Each structure stands twice: as C-alpha cells, then as structure tokens.
Amino acid sequence: MVKVAVLGGAGQIGQALALLLKMQLPRGSSLNLYDIVNTPGVAADLSHINTGVKVEGFKGDAQLEAALTGVEVVVIPAGMPRKPGMTRDDLFKVNAGIVKTLITGVAKTCPKALVAIITNPVNSTVPVAAGVLKAAGVYDPRRVFGVTTLDVVRTQAFIGELKGVDPQTVQAHVVGGHSPETMLPLLSQVSGVSFTQPEIEDLTKRIQDAGTFVVNAKEGAGSATLSMAFAGARFTMALVRALGGETGIVEDTYIQVDNQETEFLSVPVELGPNGVQKVLPIGSLSSYEESVLKTAIPVLKQNIETGHTFLKASL
C-alpha cells in the first residue's frame with residue numbers, strides 16, 4: 001500500500017496518468033488528485049473503476065496541503081502544454097512558477113516524498129524544484145527526479161518498428177537531458193539488433209524530434225499527453241515497487257549528479273526505498289554519440305542556469 005499524489009490531476013496528462021495509476025497501484029493504495037479546477041469530478045469518475053485504490057480530489061491552493069499529507073510519491077504533470085511554434089523556454093516562463101508553488105507545498109507537507117517532475121521544460125524545472133527544497137532545508141537529491149521515461153519508451157517503440165522486434169523486449173537507454181538538443185539515445189548499446197550509421201543518425205533525430213512531431217500533428221490541440229501519461233505511470237510504478245522493497249529496478253531519469261560536466265543529467269539509476277540507490281555508468285559511447293553529447297552539454301548547462309536564475313529572482 002502506498003499513497004501517491006498527482007499534482008495537475010485534471011489536465012490531459014494528469015487524467016490519463018491517474019487512470020493508469022488507478023489500474024496499477026497495489027490494492028489498498030491511495031491516489032490523491034490535485035489541480036486548480038475539476039479534480040473532484042475526475043476523482044469521482046475514477047472512483048467508479050473497480051480496483052482497490054482509493055481516489056480523492058483536491059482543488060485550489062487551500063487544499064494543496066491536504067492533498068499532500070502523508071504522501072510518499074508525488075508526481076507533477078501540472079503546467080501548460082507546448083503548442084506549435086513554442087520552445088521549451090517559452091514554456092518555462094509559465095511553468096516555472098507552477099512548479100515552485102507545488103514544490104513549496106511538498107517541502108512543507110511531505111518533504112521525504114519521492115518527487116517525479118513531468119512539467120516541461122524538465123531540464124530547467126528540476127533545478128527549480130531542487131532549489132526550493134534546498135531553501136527549505138529539506139533537499140535530498142536522491143528523492144527528486146525529472147521524468148525522461150518517454151524518451152526511452154519512444155526509443156523502444158521506434159526500434160521495434162524499424163527492426164521488426166517486440167518493443168517491450170528492447171533494452172535501451174537515453175541520457176543527457178529532456179529536449180531535442182540535449183537527449184542522446186545510446187543506440188550503440190542496444191543488444192540483439194544492429195544499425196547502419198545512417199539508421200543511427202535518422203533514428204536519433206526521430207527520437208529527439210518526437211515531441212515536436214506530436215505537437216504539430218495535434219495542430220494546436222495539445223502535446224504528447226497519452227504517451228507521456230504511459231511513461232509517467234511506468235516511472236511512478238518503478239518508484240512504488242522500489243518503495244515496496246523490490247530490487248534491481250533500473251530507469252533513466254534526470255537527477256543531480258556528481259563528477260559530471262553538468263549539475264543535472266539524465267542517467268541510468270538503480271532505484272531503492274530512498275530514491276536513487278545507485279547511479280549507473282553511462283558506458284562506452286561511439287564517436288557519433290560522443291559528438292552528440294558534446295554538443296548537448298553547453299545547451300544543458302544553459303537550461304540548468306535558466307532554472308537557477310529564475311529561482312534567485314523569485315525567492
């Protein structure tokens with residue numbers, strides 16, 4: 001049994017994520033949905049699904065503390081989605097303040113919770129969250145995650161499509177950051193399939209540009225919501241399983257790192273009951289992958305600095 005809160009539970013990602021968690025969380029668990037509007041209705045709807053997970057809805061600033069009380073895992077998809085023509089920097093101007101407000105609530109009410117941040121741009125919002133928790137004196141870098149799982153899910157799906165294999169059996173890692181300019185799928189390390197160099201370059205670009213492809217395909221009606229909810233549920237359930245004592249759980253995630261070129265980086269980690277149990281090595285890279293990562297690092301550093309600059313001005 002575990003208590004999970006989805007902050008942004010009435011949004012497009014939040015509702016789909018809540019549905020998946022209602023189906024997947026262990027029997028006896030609690031699922032709290034928080035948003036500025038509509039969460040009581042979403043919770044009422046979900047509560048009619050015949051699984052043993054209790055769902056409650058909380059609405060507005062006055063109910064944030066109640067939504068977070070006793071929570072062990074906090075998942076944050078709240079914020080404005082990307083629209084055609086928008087950059088992740090455009091998104092940051094809106095979403096940084098949302099993340100700051102929600103993480104302030106976490107710091108006050110459930111500072112030991114594992115916190116999974118979906119809100120884009122993840123490269124910058126995770127440093128904001130870390131800074132808020134640091135200012136409150138409750139920051140534990142093992143417990144704060146940027147959810148980059150969708151990059152891995154897409155990599156698995158695209159490899160499965162290209163090579164005619166079951167995508168659920170594909171073992172793949174994506175490191176760096178969570179934006180087209182900063183993510184690096186490690187295709188040279190995928191076992192059981194082989195790629196030509198043109199295939200590697202085309203597939204890398206397809207993975208990097210996948211989010212923009214969905215935004216454009218939806219013609220202004222939203223971003224990648226269903227696939228993001230799927231990936232968010234996968235990462236959340238990994239945290240839940242780790243809390244329950246399961247071992248050997250490995251996921252790629254954007255975290256604060258030591259002895260790297262950037263302060264935050266998406267890397268493979270082994271999860272445990274306290275969050276990151278062990279940071280795993282990225283492994284050897286091909287010359288092409290080294291060049292992509294070399295280009296990504298300065299962009300990622302700037303993204304991180306954007307988060308720090310916002311926080312300095314707002315605290």
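**Entry 1: the kind of model**

I note at the start that this is a predicted model.

**Entry 2: the nonpolar core**

Which residues touch the most other members of the largest nonpolar core? I found L31 and V74, in a core of 88 residues. I then looked for the element that gives the most to this core, and helix α9, residues 226-243, came up with ten residues. There is also a second, separate core of 14 residues, and M183, L187, I200 and I207 are among them. I jotted down the general background too: in soluble globular proteins, nonpolar side chains tend to be buried together.

I stayed with V74 and listed its contacts, leaving aside neighbours within four places in sequence. The list holds A5, L7, L68, V106, C110, A113, L114, V115 and A116.

V74 belongs to strand β4, residues 73-76, so I checked which way the side chains go, given that strands here are DSSP runs. V74 and I76 point one way, V73 and V75 point the other way, and all of them are buried.

Next I looked up the partners of β4. Strand β1, residues 3-7, pairs with β4 in the parallel sense over three bridges, and V6 stands opposite V75. Strand β5, residues 114-117, also runs parallel to β4, joined to it by four bridges. There I found I76 opposite I117.

**Entry 3: the cavity**

How many cavities of 30 Å³ or more does the structure hold? I found one, and about 50 Å³ of space lies in the largest cavity. V106, P111, A113, V115, L133, V138, Y139, D140, R143 and V144 line the largest cavity. By class, I have eight nonpolar residues, no polar ones and two charged ones in that lining. V106, A113 and V115 were already in my notes as contacts of V74.

**Entry 4: the largest pocket**

The largest pocket has a volume of about 760 Å³. I count 41 residues in its lining, with P77, A78, G79, M80 and P81 the closest to its centre. Several elements each supply at least two residues of this lining: α1 (12-24), β2 (30-35), α4 (88-109), α6 (149-163) and α8 (210-217). Which element gives the most? It is α4, with six residues. The lining divides into 19 nonpolar, 16 polar and six charged residues.

**Entry 5: the second largest pocket**

I put the second largest pocket at about 430 Å³. Its lining has 17 residues, and V152, Q156, V170, R234 and E251 lie nearest its centre. Helices α6 and α9 and strand β9 (249-256) each supply at least two of the lining residues. The classes here are nine nonpolar, four polar and four charged.

Buried or exposed? E251 is buried, because its relative accessible area is 10% and the cut-off for buried is under 20%. Leaving out residues up to four places away in sequence, E251 touches T149, R234, F235, A238, V267, P268, V269 and L271. R234, in that list, also lies nearest the pocket centre along with E251.

**Entry 6: N303**

N303 sits in helix α10, residues 287-314. With a relative accessible area of 13%, N303 is buried.

**Entry 7: backbone details**

Where is the cis peptide bond from N120 to P121 placed in the fold? I found P121 in the loop between β5 and α5 (122-135), and omega for that bond is near 0 degrees.

I also noted two residues with positive phi. N38 is not a glycine, yet its phi is about 70 degrees. N38 lies in the loop between β2 and α2 (39-46) and counts as exposed at 51% relative accessibility. N259, also a residue other than glycine, has a phi near 60 degrees. I placed N259 in the loop between β9 and β10 (264-272), where N259 counts as exposed at 80%.

Note on methods. Residues are numbered from 1 along each chain as its sequence is written. Side-chain values use heavy atoms; hydrogens and water are left out. A nonpolar core is a set of buried Ala, Val, Leu, Ile, Met, Phe, Trp, Tyr and Cys residues joined through side-chain atoms within 4.5 Å. Buried means under 20% relative accessible area, exposed over 50%, partly exposed in between (1.4 Å probe, protein chains only). Contact means heavy atoms within 4.5 Å. On a 1 Å grid over the protein atoms alone, a cavity is a set of points where a 1.4 Å probe fits but cannot get out, and a pocket is an open set with protein on both sides within 12 Å along at least five of seven lines; lining residues have an atom within 4 Å of a point. Grid points are joined across faces, edges and corners, and a volume is the space filled by probe spheres set on the points. Ala, Val, Leu, Ile, Met, Phe, Trp, Tyr, Cys and Pro count as nonpolar, Asp, Glu, Lys and Arg as charged, and the others, Gly among them, as polar. Two strands pair if DSSP finds at least two bridges between them.
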